[in-house]
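Subject: Structure for you to look at

Hi,

Here is the structure I promised to pass on. Please open it first, then read my notes below.

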Amino acid sequence: MIGTPVNEGIAIAKPFIFRKEAISITEEKSSSYEQEQEKLYDAIDKAREQITSLKELAAEKMGKENIFDAHLSILEDPMLIDMLDKALKDGLPAAAAVDRAKKELTAIFEKIPDPYIKARIADIDDITERLIRIILGKPKEDLALIDQPVVLIARDLTPSETIGLNENVKGIITETGSATSHAAILAKALGLPAVVGEEGIIDKAKDADLVILDTIDDNIIFNPTQQELEIYTVKQAKYEDERKRLMLYAGREAITKDGKKIKVYANIGSLEEWQVAQKYGAEGIGLFRTEFLYMQNDHFPTEDEQFEVYKEITQQGGEEIILRILDIGGDKNLPYYDFPKEMNPFLGNRAVRFLLKNPDVFKAQLKAALRAAVYGNLKIMYPMISSIEELHEANKILQQCKDELKQNGIAYKESMEVGIMVEIPSAAIMADVLARYVDFFSIGTNDLCQYTLAVDRTNALVKELYKPHEPAILRLIRHVTKAGADFEVPVGVCGEMAGEPIYTKWLIGAGVTELSMSAASIPRIKEIIINTTYDECKELVAKTNSLFNANDIENELKESAIC
Ligand code: PEP
Ligand code: MG
């Protein structure tokens with residue numbers, strides 16, 4: 001195995017290759033008008049069936065009216081049907097007719113200034129691609145429709161593609177990506193064994209009927225022998241026993257032997273994830289990635305729509321709910337918003353930068369959060385703060401929201417706490433200044449590592465350089481915790497480092513008081529906390545302070561995780 005394992009476990013199942021290869025309509029041969037018309041109508045029927053199934057599956061997560069309604073109505077649109085018929089009459093074969101109709105329909109929609117209507121272009125793309133693939137016999141794979149246990153194998157998985165994953169997916173292998181890419185984070189949230197950056201895996205999986213994915217000892221075996229199958233079935237059972245043992249820690253409070261209490265929270269993207277997180281012993285929500293709410297929709301969710309979701313999560317969430325304001329851009333796009341192409345999207349119009357340029361979107365979310373905070377301990381944090389000005393700008397808009405809610409007599413929580421993600425090196429360096437204006441810090445080590453080391457977190461080619469234990473990162477974290485201590489601002493960590501056993505004692509020793517992670521990691525992290533002392537953690541930090549080589553530091557940290 002050459003890739004990076006992102007979650008321990010063993011999956012034994014059929015490989016399911018999620019193909020996204022380009023299609024070319026030039027391969028298509030034309031026959032008679034009648035035959036092409038029949039092909040097209042068959043394809044429309046099949047597409048309708050697929051979308052209806054997707055709509056039903058999505059109903060639970062996205063509500064009865066969801067993105068697939070728009071797809072169905074486009075499919076039935078008389079204008080589209082007319083365009084298709086005309087193209088067939090002009091002698092085009094079925095797929096080429098769909099392609100022409102798509103271009104004509106898109107041209108019409110592009111002229112309409114209403115951004116909501118314009119956003120339907122993404123739906124037209126989706127529907128017409130589905131139709132063309134059916135006609136050419138290269139059907140679109142819908143992950144939500146997987147109906148038997150599989151190990152999912154793909155070149156890559158975008159966050160929006162992973163929305164439809166269901167419980168039949170037992171493991172994930174992707175050719176690209178690294179441990180902190182969003183596909184990997186999602187695999188962790190679902191508690192699935194996964195490997196990212198496994199170049200060439202699609203080719204290897206092509207003719208296989210069964211695959212064993214072992215992310216404990218880093219093995220991938222296609223078409224295992226009977227003996228291998230027996231060995232891994234036993235190993236899987238043993239691993240499940242170990243999981244059961246760790247689960248005994250889930251319900252315990254995370255207090256060191258000398259009485260230091262650490263908050264152990266979950267990172268979630270939806271209410272369902274919070275329900276799972278509680279089983280693993282999450283006491284609160286340290287990072288609610290709200291972007292999934294936006295990505296599952298077919299429009300920017302309105303203030304009221306968001307209020308309902310945040311209110312429910314606030315009422316059901318644990319002792320604290322930290323809602324992260326929309327972090328869109330980078331590798332996270334929206335199907336209904338046309339992001340201009342950027343050379344370096346991770347360095348571009350992302351998160352708070354996008355929000356400050358789109359105050360309506362920002363305000364709808366802030367108001368929804370202010371209103372929901374009335375129902376419990378909901379706090380917000382701004383993503384990707386890079387300077388004091390940005391924080392002031394964001395707070396100015398927050399104040400406007402409060403003023404407007406007050407004027408309209410709408411209940412909201414005036415004292416809602418406001419923190420920031422510390423995930424850009426400039427914010428970490430300026431932590432002693434930023435600390436004067438925030439209620440808490442949450443260190444986003446995924447991005448902090450990417451931006452400090454100039455290592456793309458999604459790029460498998462440089463994955464060996466992505467080391468959160470580089471002394472530069474540890475220094476920045478210590479700088480933030482020192483600023484936090486000086487100004488009595490609590491410091492949490494919500495990047496993947498928080499759920500990695502080798503970092504637990506170090507982070508506690510450095511002064512971090514809250515660790516927020518993928519739910520499945522919680523029992524193991526609690527085990528480490530319960531079996532250590534705060535003094536031991538501080539000694540570890542003192543020891544690593546004099547080490548300047550990442551490998552030496554890693555060895556110390558690895559040893560610290562043995563318990
Ligand atoms: C981070 O950057 O560490 C973080 C938690 O945010 P995200 O992974 O969503 O970018
Ligand atoms: Mg981040």
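Ile502, Tyr503, Lys505 and Trp506 in helix 21 meet Leu557, Lys558 and Ser560 in helix 24. Contact here means heavy atoms within 4.5 Å. Helices (H or I, at least four residues) and strands (E, at least two) are DSSP runs, numbered from the N terminus.

Some ground rules before the rest. This is a predicted model, where local features need pLDDT of at least 70 and side-chain atom pairs count only at pLDDT 80 or more, while totals for chains, interfaces and linings use all residues. Residues are numbered from 1 along each chain as its sequence is written, chains are lettered from A and ligands numbered from 1 in the order in which they are written, and side-chain values use heavy atoms, with hydrogens and water left out.

**Helix packing**

Helix 21 covers residues 501–509, and its axis comes within 7 Å of that of helix 24, crossing at roughly 95°. Axes are lines fitted to C-alpha atoms, for helices over the stretch in contact, and angles run from 0 to 180 degrees between N-to-C directions. The two helices are therefore roughly perpendicular to each other. The cut-offs: under 35 degrees is roughly parallel, over 145 roughly antiparallel, 65 to 115 roughly perpendicular, and the rest oblique.

Helix 24 (residues 550–560) also packs with helix 23 (residues 534–545), at an angle of about 165° and with the axes 10 Å apart. That makes helix 23 roughly antiparallel to helix 24. On the helix 23 side, Leu540, Lys543 and Thr544 make the contacts. Their partners in helix 24 are Ile553, Glu556, Leu557 and Ser560.

**The barrel**

Eight strands close into a barrel, in the order 8-9-10-11-12-13-14-15, with parallel pairing. Two strands pair if DSSP finds at least two bridges between them. From one strand to the next, the twist averages 25°.

Helix 11 (residues 271–279) packs on the sheet and touches strand 8 (263–268) and strand 9 (285–289). Its direction makes about 145° with that of strand 8. Ala277 is found in helix 11. At 0% relative accessibility, Ala277 counts as buried. The cut-offs are under 20% relative accessible area for buried, over 50% for exposed, and partly exposed in between (1.4 Å probe, protein chains only). Not counting residues up to four places away in sequence, Ala277 touches Ala266, Ile268, Ala282 and Ala519.

Now strand 11. Four bridges join strand 10 (residues 321–324) to strand 11 (residues 378–382), and the two run parallel. Ile322 has Lys379 as its bridge partner. Three bridges link strand 11 to strand 12, also parallel. There, Met381 stands opposite Gly419. Five of the five residues of strand 11 are buried, so the strand is largely enclosed by the rest of the structure. Leu378, Ile380 and Tyr382 lie on one side, with Lys379 and Met381 on the other.

Best wishes
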